[in-house]
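Grab a pencil and work through these exercises with the structure open beside you. Try each task before you read its solution.

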Amino acid sequence: MRAAVLHEIGQDKLEVLDDVEAVGFGPGRVRIRVRATGLCHSDLSAMSGVLPQPAPFVPGHEGAGEILEVGEGVRHLKAGDRVVVCWLPACGSCPACKRGQTELCLAGFMNAGTPNFRRPGGDVFGFAGTGTFTEEVVVDAGCAVPIPDDVPFDIAALIGCGVTTGLGAALNTADLEAGSSVAVIGCGGVGISVIQGARLQGAAEIVAVDPVPSRREAALRFGATRAVSPDELPDAKQQITAGEGFDHVFEVVGKSATARTAYDNTRRGGTLVVVGAGAMDDFLQLNMFELFFDEKRILPSLYGGGDVLRSYERTIALWRAGRIDLAGLITHRVPFADVNEALDQMRTGTALRTCIEM
């Protein structure tokens, strides 16, 4: 079967090969025919080494498809079921799951060290224990979440990561109240989803901050009340908050520099929500006096900061009701053979989300 493979960390191109085999099928596992997959910035971060990932590997973790085969003991799925791929499944029995913090379950991360694929040259891993830049993938049954028949595969793929992460940061993590002021730094697919979540919560002012003009224009269509370049943020802060700072600032880039900017633009007593996934050697510096004196809350938000299955259901309900726009997030579509074109679209910021059609 075909799969897009990164041979070594640091390479910027994938090679589409047709000699890859999905492995690991057995009890408690399912085989999925991938029908659509989105490109998330985390895939690029894994390719560059910002996020730890063994190589060679198949990128992709934002996918949807249909079940081809179920292993022994799998009762809630059958061949033909439509599913979204969940890269962070909850085991239900670890301390985090028992506390109700299922997004902190480490079971899914344990899968990242087990090869999902094989080719004549040896084992190949799947990013985040999945790897959806492929025609078929074998995963734990918990990674395959059934979706209703009316949800298209491309929409379902977005729900598998970017939309759940962004909406959840606003709806679950931030405790965002109606009438508040919000700034969102980084307006790709996840940042736009944060903006939609802030709009749902009734934020009065939503400032989108991004260096790419097309992304700023898109942010206004999705609910931002103002869109500015990073250099224009100080003026927006002065005009909207009289220089005090925003009630909630979302960092959706994953760099210490933008996190520091987010902190500086959060009002005293306000909330900084860290959504972007950054590198282990990139340190955010705060002095102890400002940390104490400003009383700003710093809240990381992993995968939307809430129960993933409940978040999927909520997103589908909001989409059906027309309260959020998911189709509009897909600004580009490319066939699987042109996967490197999708990478370029993400790197240059020309795409909010590219759907790779399998």
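Predicted model: local features only at pLDDT ≥ 70, side-chain atom pairs only at ≥ 80, totals over all residues.

**Exercise 1. Which side of the cut-offs does Tyr303 fall on, buried or exposed, and what is its phi?**

Step 1: Locate Tyr303 in the loop between β17 and α11.

Step 2: Read its phi, near 55°. Here, too, the value is positive and the residue isn't glycine.

Step 3: Check the accessibility. Tyr303 comes out at 1% relative accessibility. Buried means under 20%, so Tyr303 counts as buried.

**Exercise 2. Why do the rings of Trp87 and Tyr303 count as stacked?**

Step 1: Start with the distance. The ring centres of Trp87 and Tyr303 are 4.6 Å apart, and rings pair if their centres lie within 6.5 Å.

Step 2: Now the angle. The two planes stand at 25°, and planes under 30 degrees apart count as stacked. That's why the pair of Trp87 and Tyr303 is stacked.

Step 3: Trp87 is in the loop between β7 (82–85) and α2 (95–98), while Tyr303 is in the loop between β17 (297–300) and α11 (308–320). They're 216 residues apart, so this pair links distant parts of the chain.

Step 4: Check the surroundings. Trp87 and Tyr303 are both buried.

**Exercise 3. How many aromatic pairs does the structure hold, and how are the planes of Phe57 and Phe127 arranged?**

Step 1: Count. There are three aromatic pairs.

Step 2: Take the pair of Phe57 and Phe127. Centre to centre they're 6.2 Å apart, with 50° between the planes, and this pair is tilted.

Step 3: Trace the chain. Phe57 belongs to strand β5 (residues 57–58), and Phe127 to the loop between β9 (122–126) and β10 (136–140).

Step 4: Check burial. Phe57 has a relative accessible area of 0% and Phe127 has 7%. Under 20% means buried, so Phe57 is buried, and so is Phe127.

Step 5: A cis peptide bond joins Ala55 and Pro56, with omega about 0°. Pro56 lies in the loop between α1 (41–48) and β5.

**Exercise 4. Which rings have Arg82 and Lys296 lying over their faces?**

Step 1: Go to Arg82. It lies over the face of Phe153, at 4.3 Å from the ring centre.

Step 2: Go to Lys296. This one lies over the face of Tyr263, at 4.2 Å from the ring centre.

Step 3: Go back to Arg82 and find Val151. They're 69 residues apart in sequence and 9.1 Å apart in space, C-alpha to C-alpha. Val151 lies in the loop between β11 and α4 (153–159) and is buried, with a relative accessible area of 1%.

**Exercise 5. Which residues line the largest cavity, and how do they divide by class?**

Step 1: Recall the idea. Rolling a probe the size of a water molecule over the atoms shows where empty space is left.

Step 2: Count and size. There's one cavity of 30 Å³ or more, and the largest cavity holds about 30 Å³ of space.

Step 3: List the lining: Trp87, Leu88, Gly108, Phe109, Ala112, Ala128 and Gly129.

Step 4: Sort by class. The lining has five nonpolar residues, two polar and no charged ones.

**Exercise 6. What is the volume of the second largest pocket, and which residues lie nearest its centre?**

Step 1: The second largest pocket has a volume of about 190 Å³.

Step 2: Its lining has 13 residues, and Pro89, Ala90, Gly142, Val145 and Leu309 lie nearest the centre.

Step 3: β11 (144–146) and α11 each give the lining at least two residues.

Step 4: By class, the lining has nine nonpolar, three polar and one charged.

Notes
Residues numbered from 1 in each chain as written. Heavy atoms only, no water. Phe/Tyr/Trp six-rings, centres within 6.5 Å; stacked < 30°, edge-to-face > 60°. Helix = DSSP H or I, 4+ residues; strand = E, 2+ residues; numbered from the N terminus. Buried < 20%, exposed > 50% of the residue type's maximum accessible area, 1.4 Å probe, protein only. Lys NZ or Arg CZ within 6 Å of the ring centre and 35° of its normal. 1 Å grid on protein atoms, 1.4 Å probe; cavity = no way out; pocket = protein on both sides within 12 Å on 5 of 7 lines; lining within 4 Å. Points joined across faces, edges and corners; volume = space filled by probe spheres on them. Nonpolar A, V, L, I, M, F, W, Y, C, P; charged D, E, K, R; others polar.
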